[in-house]
Amino acid sequence: MTKPESAGYDYDVVISGAGLAGSAAAILLARRGVRVALLERRSDPEAYKVLCTHSLTANAYPVLDELGLVPALEEAGAVRNEARWYTRWGWIEPRAAPAGPGLPYAYNVRRSTLDPLIRSRAAQTPGVDLLLGHQVTGLVREAGRTSGVRASTAQGEREIRARLVVGADGKDSAVAKFAGVPARLYENARFGYLAHFRNLPLHGGIGQTWFLEPDMAYAFPNDDGVTVIAVLPDKKRLPAFRDDLEGSFLEFVRALPEAPLIDSAERVTKIIGTVDYPLHSRKPTAPGVAFIGDAALTGDPLWGVGCGWALQSAQWLAEAVASAATGRGDLDRSLAVYARGHRRRLRGHQYLAADFARARPFNPGERLMFSAAARDESMARHMHLFASRLIGPLHFLNPVALAKAAAVNIKHRGAAAPPAHLSHPGS
Ligand SMILES: Cc1cc2nc3c(=O)[nH]c(=O)nc-3n(C[C@H](O)[C@H](O)[C@H](O)COP(=O)(O)OP(=O)(O)OC[C@H]3O[C@@H](n4cnc5c(N)ncnc54)[C@H](O)[C@@H]3O)c2cc1C
């Protein structure tokens, strides 16, 4: 165990939750000289998040690279995530420009592979004490600020004091509850179920997403030859769907355009899912506290962005607070920098996602951009950058992109219109 040094504190930072966000933050903080206690309520070092389709968007790549995880992921068979998207205008198939750089990517990799890998890297990092079987059950508070946690362990209760407490404990964050930081909820009008299959070839060997307005589905190839299939229908369909869950799931997949041939594949997991998964946003900090990953912002699973943001928010926090967390700076000012950056980068994405989560058909702006992306390769690349969360909503919907999309669609209409002498009056 790392030897406690500072008077009054056992560690510089205590993190609640050794999932993606917590483990990444522990590594990145400790590399900057911060002494970290990484607490995880589960005792099994191989534990992982089951309810996830684990496609990591390309914004995750630089963090995976900084963490040094890319070679291990490639070795574990993680699949570089190319994808095509079905829309009513046809398939959007982002490809690299002929003379341009390759498309940015990250990985499809099962959480049973990813979570133990990143947690073990955290445990091996000098300066990190991974404390398994430690469930945060309360906070230590002094003069209006948080200065540690109380944790329940197999040996009984213990108190761990630190300058900063990080809530990396998921959407129902215990740290947020005890610190009195509420979440703003946005209704999600879709439900979702998923299952894993083997021997399930996909068109082009790449991921597929179906925008069925309002229903959604996707299929992603993963490590070890496993393909995950998820369906996210409108909640109006839930009662009938639940009457025969297995039959409904399989029927939904069979009816997809260019459907994967699930009947000749082997299903290797149960069909699991969630019928109520609102989006959450929290203020990312409180006195002596910071939130990262789902504890700060839980997006709509249908966009597959939570893992990338869990890793990125860990990186943003480490960059903002490392120095102050060791007592060499103003912690409150550093927390304010983190909170501002978090809001600036993610608020717009969450706003659009919350609107789309109402399970409505595409609005005029979406119709414009999706139809153009189905018809034009550069628009498809632009869409890929947005879906990969490498550009924000303002960049995605900038006036030049909107004008280009309009031009693509006008040209398409012109090309599709029959010559005047063949058209019938009133057609
Ligand atoms: C159906 C579904 C599909 C999804 N698909 C994708 C996808 O394809 N791509 C994507 O990027 N994202 C996806 N997500 C989102 C993704 O799963 C989350 O955004 C991501 O796991 C967040 O990581 P995290 O580290 O913040 O939280 P978590 O992974 O939830 O980790 C939290 C950790 O904290 C621990 N913990 C909790 N309470 C305590 C406590 N009191 N004390 C100590 N430890 C505690 C937990 O045991 C856990 O280890 C999906 C989500 C759902 C529901």
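Author: Contact means heavy atoms within 4.5 Å. Helices are DSSP runs of H or I with at least four residues, strands are runs of E with at least two, and both are numbered from the N terminus. This is a predicted model, in which local features need pLDDT of at least 70 and side-chain atom pairs count only at pLDDT 80 or more, while totals for chains, interfaces and linings use all residues. Residues are numbered from 1 along each chain as its sequence is written, and side-chain values use heavy atoms, with hydrogens and water left out.

Reader: Which residues bring helix 10 and helix 13 together?

Author: From helix 10, Leu-368, Met-369, Ser-371, Ala-372 and Arg-375 take part; they meet Ala-401, Leu-402, Ala-405, Ala-406, Val-408, Asn-409 and His-412 of helix 13. By class, eight of these residues are nonpolar, three are polar and one is charged. Here Ala, Val, Leu, Ile, Met, Phe, Trp, Tyr, Cys and Pro count as nonpolar, Asp, Glu, Lys and Arg as charged, and the others, Gly among them, as polar.

Reader: Why are helix 10 and helix 13 called oblique?

Author: Their axes lie 9 Å apart and the packing angle is about 60°. Axes are lines fitted to C-alpha atoms, for helices over the stretch in contact, and angles run from 0 to 180 degrees between N-to-C directions. Angles under 35 degrees count as roughly parallel, over 145 as roughly antiparallel, 65 to 115 as roughly perpendicular, and the rest as oblique. Helix 10 and helix 13 are therefore oblique.

Reader: What angle makes helix 10 (residues 364-375) and helix 11 (residues 377-387) cross?

Author: These axes cross at roughly 125° and come within 6 Å. Helix 10 and helix 11 are therefore oblique as well. Their crossing is left-handed, a name used if the near helix is turned anticlockwise from the far one by less than a right angle (right-handed if clockwise).

Reader: What makes the contact of helix 10 with helix 11?

Author: Helix 10 supplies Met-369, Phe-370, Ala-372, Ala-373 and Arg-375, and helix 11 supplies Glu-377, Met-379, Ala-380, His-382 and Met-383. Seven residues of this contact are nonpolar, one is polar and two are charged.

Reader: Why is the arrangement of helix 11 and helix 13 described as oblique?

Author: Helix 11 and helix 13 (residues 399-416) pack at about 140°, with axes 10 Å apart. Helix 11 and helix 13 are therefore oblique. Ser-378, Met-379 and His-382 of helix 11 touch Ala-401, Lys-404, Ala-405 and Val-408 of helix 13.

Reader: How do you know that strand 8 and strand 9 pair, and how many bridges join them?

Author: Two strands pair if DSSP finds at least two bridges between them. Strand 8 (residues 135-142) and strand 9 (residues 145-153) are joined by seven and run antiparallel.

Reader: What makes strand 11 and strand 21 edge strands?

Author: They belong to an open sheet of three strands in the order 11-18-21, with antiparallel pairing. Strand 11 (183-186) and strand 21 (297-298) each pair on one side only. Helix 9 (residues 331-356) packs on this sheet, touching strand 11, strand 18 and strand 21, and its direction makes about 155° with that of strand 18.

Reader: How many aromatic pairs does the whole structure hold?

Author: A search finds 21. In one of them, the rings of Trp-85 and Phe-211 have centres 5.6 Å apart and planes at 45°, so this pair is tilted. Trp-85 is in strand 4 (residues 83-87) and Phe-211 in strand 13 (residues 207-211), so the pair ties together parts 126 residues apart in sequence. The cut-offs are these: rings of Phe, Tyr and Trp (its six-membered ring) pair if their centres lie within 6.5 Å, and planes under 30 degrees apart count as stacked, over 60 as edge-to-face and the rest as tilted.

Reader: What omega does the cis peptide bond of Glu-213 and Pro-214 have?

Author: Omega is about 10° for that bond. Glu-213, which is not a glycine, also has a positive phi of about 45°. Most residues other than glycine have a negative phi, and most peptide bonds are trans. Pro-214 is found in the loop between strand 13 and strand 14 (216-221).
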